[in-house]
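Good morning. I will go through one model today, starting with charged pairs, then the chain contacts, then helix packing and some backbone details.

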Amino acid sequence: MHPSHTILFPLLGAVWLGCRTGMSRKGAGRFALVWALLSLLLACGSPGEEWLLPWMPDAGMNLSFRVDGLSRLFLVLTGFVVSFAIAASLRDERAGRGHHALVLVMQSALFGVFTARHFIPWFLCWEMTLIPSYLLIRLWGGAGAPKAALRFFIMTLGGSAFLLVGFLALQLSAGTMDFSELGKLAADKQLTAALAKTFAASGLSGHTLLSIIALAVFLGFAVKLPVVPFHAWLPAAYAEAPAPVTMLLTGLLSKMAVYGLLVIFLPVFSEVLPALAPLLGWLAAATVLLGALAALAQTDLKRILAYSSVNHLGYCALAIAAAAAMQGDRSALAAALSGTVLQAFNHGVIASTLFFGIGILESRGKGRRGLGDFGGLRARTPVFCGFFGLAVFASLGLPGLSGFIGEFLIFAGVFALTPAMAVVSILGLLLTAVFLLRMMRKVFWGPLKPSLADWPDLTGFERLLFGLATAMIAIPGLFPQVLLRFANPAIIELLDLLRPTP
Amino acid sequence: MLVLAALAMLGAAMAADRKSGKPFSAGVGIATFGILLAAAALLFAPPVAETGTPLLANDPLARIFKAVVLGLGLFSVWVPPARREIENPGEYYALVLFALTGLMLTVGSNHLLFLFVALELASLSLYLLAGFPRTPRAAEASLKYFLFGGVSAAFLLFGISLLYGVSHSATLSGVAQALAAGRPSLPGMTGLAMVLAGLGFKLAAVPFHYWAPDVYQGAPATTVAIVAAASKAVGLLVLVRVLQIGFPLLAGCAAWGEMAAGWSLWLAVLAAASMIAGNLLALAQTGVRRLLAYSAIANTGYLFVALAAAGPKSAGAALFYVVVYGLATLGALAVTADVERDRGDDRVCSFAGLIHRSPFQAVCLLVFLTSLAGVPPLAGFPGKFALFSNAMAESATAGKPGLVWLVGLAAILSAASLYYYLAVLKRVFARESITGGERGTMPPVHALAVALPAAALVVLGVFPALLLEPLTRALMDTLAGR
Amino acid sequence: MTPTWTISSAFAGALLVLLPPARMAGSARIIALAASLVGMIAAALSCLARLNHPDAPVWRFDAPWIPCMGIRFHLAADGLSLTLLLLTGLIAVAGVLFSWNVEKRPRAFFAWFLTIIGGVYGVFLSRDAFLLFVCYEIVILPKYMLIAIWGSTNREYGAMKLTMYSIGASALILIGLVAAYAAAGATSFDLLHLAGADYPAAMQAWAFPVLFLGFAVLAGMWPFHTWAPTGHVAAPTAASMLLAGVVMKLGAFGALCVAMPLFEQGLGLWKPLIAGLAVVGIVYGALTALAQKDLKFVIGYSSVSHMGFVLLGLAAANHWGLRGAVLQMISHGVIAGLLFGIAGRVVYERTRTRDLAALRGFDLWRSLPGAAVAFTLATAASMGLPGFSGFVAEISVIVGLWKVYPWLTVGVAIGIIITGAFSLRALQKTCFPARPPADAATAPPLPPLTWPEISAIGLLLAVSLAIGIYPKPWVVLIDDGLRSPLFQSILPLP
């Protein structure tokens, strides 16, 4: 099986859905679900050979994709979350052929982002997610969806524009946009020299030039991750989008940014990162803190979780900023990087599960999702409470569940590399506990609201979904090697680039 | 000689005067026959280098232009004026033939006085032809034409006499030799200036152009066709001969940064004035005939641009362009005459919807006006292009700007002229027809008068070398021969 | 099939289309389609032939025309010309398909249409300056006729404005060409001869801007672009496609192949100004498009913005820049054709309105989903999203720009963002209204897409995707053209 099969498979499904004008809504949903599961299987099994399509060969630009361990991890995550999201959307009356087709297109794009080895295919897939996500938010979202979708689109596009322009400058001076080649150049300290030579007319030093480009590229990632202050699009988008779409947004789109920061940003700009690291670190810490503080102030359940996502992803940003500082020894670096990967994967699963739960609440509650709209559900829907509670605790970072290991490794690494920021971020952990537990209390404990008196518990299908998700949460929590086994080779490669063993 | 054949026909035409029945078509028919006879004589006459008398020359250029005059004259004859206007078609066509005879003689003349006589023969006939209908408008046209023409004839004669005084010779080559021997003298320059003035009138250059709009509007269509096409062509030929053969040394220079007094500079000034006045005034016209008159003035300006370059290739291009211009204008006049007959006047709005009433005429009008505007693939474009490029080539060497100021002005004004031609075409093609007005049938010769020039313009547009090469070569041979 | 089949099929088609009698006027469109298909296939086959035999000598046709002025009928088809020929062929076919339902005087319509196509083919193939200028001017009158007779909003004014700008610009080109001819010894109008001649620097300083401006007006350079939105909006669909898709490229082609090779020193002098004006055009066009209420005006101003990229690539005057400029010519040609086709034919014909606010009432996403999907993809292409042709072109231009004017890339990035904004605004107002209006259920159902429309949309989308995903053959062809001796002074061989 060739990587092309894996990447293009969901797209084929989307095209099929697009052409079959007579398909019923239910039929489309079932087809999409089956197709997504098949894609997941493909993702698990795809081999590591390279798929190369010449693009502009004389400029060294080719469409190259390769599946390594890290990619496989994220491919599996993608397959899982997409299937989960489609399954969650089956219940929605409005989600038909178009909805599922767009989700499948996004899946192809995501597969591509996580396996691309050159800037052009990577950017192609990165941008390919824009329109489907825009349409998904706008057309199937709530009352404020159009504005939210527009803001999402414009901000993401803006970040991407600077990312593009920055990388093209690299193409001009280094002659290549292949990630591994750029990484090697940076490891040999060649990149600043190349930039200085190409832009000799500007009079700026190579170091300054690379820093400008690094900031431009970071801007693109910062909007997507998101990093404060470029997160303005997120709360509205997450809140207005239907729950399955939010699952995709939080579970996958933000992981594109994490992956990009790990595999692209760190290696390529390693020459200037130590200087930029303090800025990045404080931005990350701000993200962690502000995310948690804002979540405390929300009354909309979706917005609480949205800011919670900002907070959790801030940890990834923190670890990356710490890695960027390039101080400390290899083991600390390894811890930070591994922690980032784990946190990304696990947050994807956990956040999707949480939004799935919110989606159930929203649909049963006929669109209400305020903090005060629910109460005492524990009595009415114990199974739901159990599953949801498990997910909340995972998000908190309870040991034994997957959320813990990622955060632990991150803090281990960050403490060793930049202690000051780690201290600030611990505050975030505390605040997270506060708002998440408050949410649990308000929704599930307390007196049962009369309007909820006749609520049924989870259906069999929903229990199945929750069960699978719980498994995905519990197993890595108890046996993190399951994930680390895949991630380690790539992390070691990254380490070699950043801190070659003497 | 060649022209005597035509003269003979005149007598027959006068005799045919009295016949009733279809005097009109008889007139046209006899005129046509006469012209064709002259053409045949021209074709089959032996290409003798020198004929008996020194008054007439039979050089290649003269031969080509005689053919040109006959051709243009033929088409002009086929442009029928409104029937009501002409009461004595026999006399009318006799006068037409007289005019053509005069023009033919002018083409061939080598002697300055003979040139004057022939030119006057043509002019007098044309004055009468202009006033032939008994309408006030025609009378005004004829009067103005006559007055201006008379004055310009006086200028011409006086200039010729000055030149004779200076050079003691009445042939152009004699004048050239005399001037080459001595220094340029004031009488010589004055004579030249007066000759230029006289010829400038003929060509409707500013400031000698005041007769043109009224004549174009008031005279019958056939007359205007001759004035616009054949007469103008001959006028230009005479000018070219006079300047190139007679006064090559007095040229001066009109190039930017190197201006020197001489006829080149005078022509440049006249060119600029004519182009500006002609184009700007044309923009304001509502009647197509007056529009064509101002277009004539503007086109004289373009011709003078080429002549101002004072080189043989430019002159050749000018000769080519004047033929092309003549064809286009007389074709446009033919269509205008038909519209006048149909709608009663020649205002632009009367042309509305012509494409529906008469697609053939509409398409031919498209050809004519597009050629006048200088848009390919019609002949006007290579004509104007040749004018401008040769003017530049022969004035700007080694990268000096040369006549670029004049050529630039010409190019821009020529582009702007598309506006008023499009104003007519837009009504022809894009507007709907207004109802009413009698629909007269089109005589078959009229169709020929429209179709043949259109076809010629298309052919010359794609293969301009067909006429440009022979003209240029003939001109250079003529110049070399002297 | 040689490349001349393109020109001859177009002109022959223009004449043949007039033949059917008035009762069978509808058959004119079939003749037109056949003629344009022949042209497109000829262009495609020639491209393939050149790709397969890259080292063969370039196809050439050279015959004397007006010897006394050194004018020859000289055609040549190198890779650059071939790609632009193919673009023209595609737009011709798509234009005929989108005009399938023209009812008013179809014979005349297709005759004018095919004349423009023939003239455009001629320009792209010419290697003699006179011939190029003839073909360049041939299209002026048919443009006027198409807009004035079959156009919509303000058609006579729009047509006259467009035509006067065109012919005024042509006057400037004429002056520049004649000056070059004279200074090069007045022996020949051949482009290589004119390009190879040595012109004094003082002359180049004024001759280059005159000549370049003449071409750049037709390419929509700011601030001489005002004819474009008015003209494109007034024109009927097929004419808008032609104008924005192909005729504007004539100006860029002329600037590239005539103005720049002739006066390289002049180019060096004026380059910075051109680059600056181009960036202004990109941003200005995008900003103005953002404020429009009429869908066609949005597309018209977006054309001005996109052509700014072409001019920017030309001003960079290095290999990447020129390559990007040509790619953008092709890409924008296809995309503009697609957008005008959808807006004009698919939407306007059915809804009879182009006002963005009024289109909201039609809820196209539900009533005409095919059009909505097509318009979405077209908008994505127009934004320069990767996967479509615009992306390839824009990155080439940006790389070229980094080399010479790095600070201008900021303006370009801003332009890209605003382009995304106005494209999205147009898309969402047209196809995806905020909330379906209360009377959505009572909105009249719209007739579905017809097969000519689907074919045309499919053809253009496929080409844009093909270039975006696999640009290699196009780049090879363009590089082949850029190796011509014409560009040697601008692009010194390594």
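**Salt bridges, interfaces and packing**

Over all chains the count comes to 13 salt bridges, a salt bridge being a side-chain nitrogen of Lys or Arg within 4 Å of a carboxyl oxygen of Asp or Glu. Before I go on, the conventions: this is a predicted model, in which local features need pLDDT of at least 70 and side-chain atom pairs count only at pLDDT 80 or more, while totals for chains, interfaces and linings use all residues. Residues are numbered from 1 along each chain as its sequence is written, chains are lettered from A and ligands numbered from 1 in the order in which they are written, and side-chain values use heavy atoms, with hydrogens and water left out.

One of those salt bridges joins the side chains of A:R117 and A:D68, at 3.5 Å, N to O. The pair links distant parts of the chain, 49 residues apart. A:R117 is in the loop between helix 4 (97-115) and helix 5 (119-128) of chain A, and A:D68 is in the loop between strand 2 (61-66) and helix 3 (69-89) of chain A. Helices here are DSSP runs of H or I, at least four residues, and strands are runs of E, at least two, numbered from the N terminus.

Now the chains. Which of the two pairs of chains that touch has the most contacts? That is chains B and C, with contact meaning heavy atoms within 4.5 Å. Chain A and chain B do not touch, and their nearest C-alpha atoms are 35 Å apart.

Take chains C and B. The contact takes 38 residues from chain C and 43 residues from chain B. About 3400 Å² is buried between chain C and chain B, and carbon and sulfur atoms give 79% of that; buried area is the accessible area (1.4 Å probe) that two parts lose on being put together, summed over both. Between chain C and chain B there is one salt bridge. The side chains of B:K426 and C:E156 meet in a salt bridge at 3.4 Å, N to O. Five residue pairs between chain C and chain B are in polar contact, both at pLDDT 80 or more. A polar contact is a pair of N or O atoms within 3.5 Å; within protein, one must be able to donate a hydrogen and the other to accept it, and residues adjacent in sequence count only if both atoms are side-chain atoms.

On the side of chain C that touches chain B, strand 1 (59-66), helix 5 (129-138), helix 6 (140-150), helix 7 (155-183) and helix 9 of chain C each supply at least two residues. The largest share, 14 residues, comes from helix 7 of chain C. By class, that side divides into 33 nonpolar, two polar and three charged residues. Nonpolar covers Ala, Val, Leu, Ile, Met, Phe, Trp, Tyr, Cys and Pro; charged covers Asp, Glu, Lys and Arg; the others, Gly among them, count as polar.

Next, chains C and A. Here 38 residues of chain C are in contact with 37 residues of chain A. Chain C and chain A bury about 3400 Å² between them, 81% of it on carbon and sulfur atoms. In chain C, the residues that lose the most area to chain A are C:W402, C:I417 and C:L424, together 17% of what that side buries. How many salt bridges are there between chain C and chain A? The count is zero. Six residue pairs between chain C and chain A are in polar contact, both at pLDDT 80 or more. Several helices of chain C each supply at least two residues to the side that touches chain A, among them helix 14 (319-351), helix 18 (389-404) and helix 19 (408-430). That side of chain C has 26 nonpolar, seven polar and five charged residues.

On to helix packing. The axes of helix 10 (residues 221-246) of chain B and helix 13 (residues 312-343) of chain B come within 8 Å and cross at roughly 175°. That makes helix 10 of chain B roughly antiparallel to helix 13 of chain B. Axes are lines fitted to C-alpha atoms, for helices over the stretch in contact, and angles run from 0 to 180 degrees between N-to-C directions; under 35 degrees counts as roughly parallel, over 145 as roughly antiparallel, 65 to 115 as roughly perpendicular and the rest as oblique. The contact of helix 10 with helix 13 of chain B has 17 nonpolar, three polar and one charged residues.

Last, the backbone. The peptide bond from B:P376 to B:P377 is cis, with omega near 5°, and B:P377 is in the loop between helix 15 (359-373) and helix 16 (380-395) of chain B. The bond from C:W222 to C:P223 is also cis, with omega near 0°.
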